[in-house]
Amino acid sequence: MKNHLLGLALLFTNVVFLSSCADEQDFDQFDDLSVEPLVASSIFYFESDEQTINQAGPGAFYNQNFTFEAFNQPFVSERVLEGTIVYQVENTTSKELSISIAFLDANGAVLDVESFIVPPEPAPLIERQIAYGTAGRSLDILRNTTDIRVSGENLGDTTSTSSLNEPKIILRSSAEFRLRLQ
């Protein structure tokens, strides 16, 4: 008799437990989920020493195109919401320099340009942040960019040298972009 009562008690407990967990799951909530990660990356790094600048003579000492494929995939291009590109320029040479960064489309047309006039040493670190999206320049600039051209021009003489150890110009760039994944 005790075994029958114990069996009935266990059966009753299982029925109550099963009925209390029978709520339907709502998997449509996934459609309401908003996932917008912030993706950060370095874009390019450029440096040139003062000796190379002097040897190039007056005017241009550097001109190079870099392939830029960050937005050539539809998955990224269609989901980017906004972003910021950060440039840092450091000059320890005795030269006043002009640095230019141009964003080019597939036909070589210039979509955007960022330029710097950099004083000779002791020059402070120059940092510039350029916003793209609702708070800045058009995202179409980045979406259509296939190459980035970096140019450097010596606005000073070709004989002076800095008293600092290993004088050079350094240009760094990085970016942060917010993407909509869902």
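The structure is a predicted model, in which local features need pLDDT of at least 70 and side-chain atom pairs count only at pLDDT 80 or more, while totals for chains, interfaces and linings use all residues. Residues are numbered from 1 along each chain as its sequence is written, and side-chain values use heavy atoms, with hydrogens and water left out.

The secondary structure of the protein chain consists of 5 helices and 8 strands; helices (H or I, at least four residues) and strands (E, at least two) are DSSP runs, numbered from the N terminus. Along the sequence these elements follow the pattern α-α-β-α-β-α-β-β-β-β-α-β-β. Of the 182 residues in the protein chain, 30% are buried, where buried means under 20% relative accessible area, exposed over 50%, and partly exposed in between (1.4 Å probe, protein chains only). The accessible surface of the chain is about 11400 Å², and carbon and sulfur atoms hold 52% of this area; accessible areas come from the Shrake-Rupley method with a 1.4 Å probe, and for residues only the protein chains shown count as cover. Among contacts with a separation of 6 or more, 82% are between residues 24 or more positions apart, a contact being heavy atoms within 4.5 Å.

Two strands pair if DSSP finds at least two bridges between them. Strand β4 (residues 97-104) and strand β7 (residues 147-154) run antiparallel and are joined by 8 bridges. Within this pairing, Ile101 stands opposite Val150 in β7.

Another open sheet of 4 strands has the order β1-β8-β3-β6, and its pairing is antiparallel. The edges are taken by β1 (38-49) and β6 (126-132), each of which has a single partner strand, so one side of each lacks a neighbour in the sheet. The twist from one strand to the next averages 15°. Strand β3 (residues 80-91) is joined to strand β8 (residues 168-179) by 11 bridges, and the two run antiparallel. Gln88 has Arg172 as its bridge partner in β8.

A pair of aromatic rings is described by the distance of the centres and the angle of the planes. A search of the whole structure finds 5 aromatic pairs; rings of Phe, Tyr and Trp (its six-membered ring) pair if their centres lie within 6.5 Å, and planes under 30 degrees apart count as stacked, over 60 as edge-to-face and the rest as tilted. The ring centres of Phe46 and Tyr62 are 4.2 Å apart and the planes stand at 40°, so this pair is tilted. Phe46 lies in strand β1 and Tyr62 in strand β2, 16 residues apart, and the pair links distant parts of the chain. Phe46 is buried at 5% relative accessibility, whereas Tyr62 is partly exposed at 23%. The rings of Tyr87 and Phe116 have centres 5.9 Å apart and planes at 65°, so this pair is edge-to-face. Tyr87 in strand β3 and Phe116 in strand β5 are 29 residues apart. Tyr87 is buried, with a relative accessible area of 1%, and Phe116 is buried with a value of 1%. One aromatic cluster is formed by Phe68, Phe71 and Phe177.

The largest nonpolar core has 29 residues, of which Ile101, Phe103 and Ile169 touch the most other members. A nonpolar core is a set of buried Ala, Val, Leu, Ile, Met, Phe, Trp, Tyr and Cys residues joined through side-chain atoms within 4.5 Å. Two or more residues of this core come from each of β1, β3, β4, β5, β6, α5 (139-144), β7 and β8, and β8 gives the largest share, 5 residues. Neighbours within four places in sequence aside, the contacts of Ile101 include Phe44, Tyr87, Val113, Phe116, Ile148 and Leu171.

Most residues other than glycine have a negative phi, and most peptide bonds are trans. The peptide bond from Glu121 to Pro122 is cis, with omega near 5°, and Pro122 is found in the loop between β5 and β6. Glu166, although not a glycine, has a positive phi of about 55°. Glu166 is found in the loop between β7 and β8 and is exposed, with a relative accessible area of 56%.

Key: Axes are lines fitted to C-alpha atoms, for helices over the stretch in contact, and angles run from 0 to 180 degrees between N-to-C directions.
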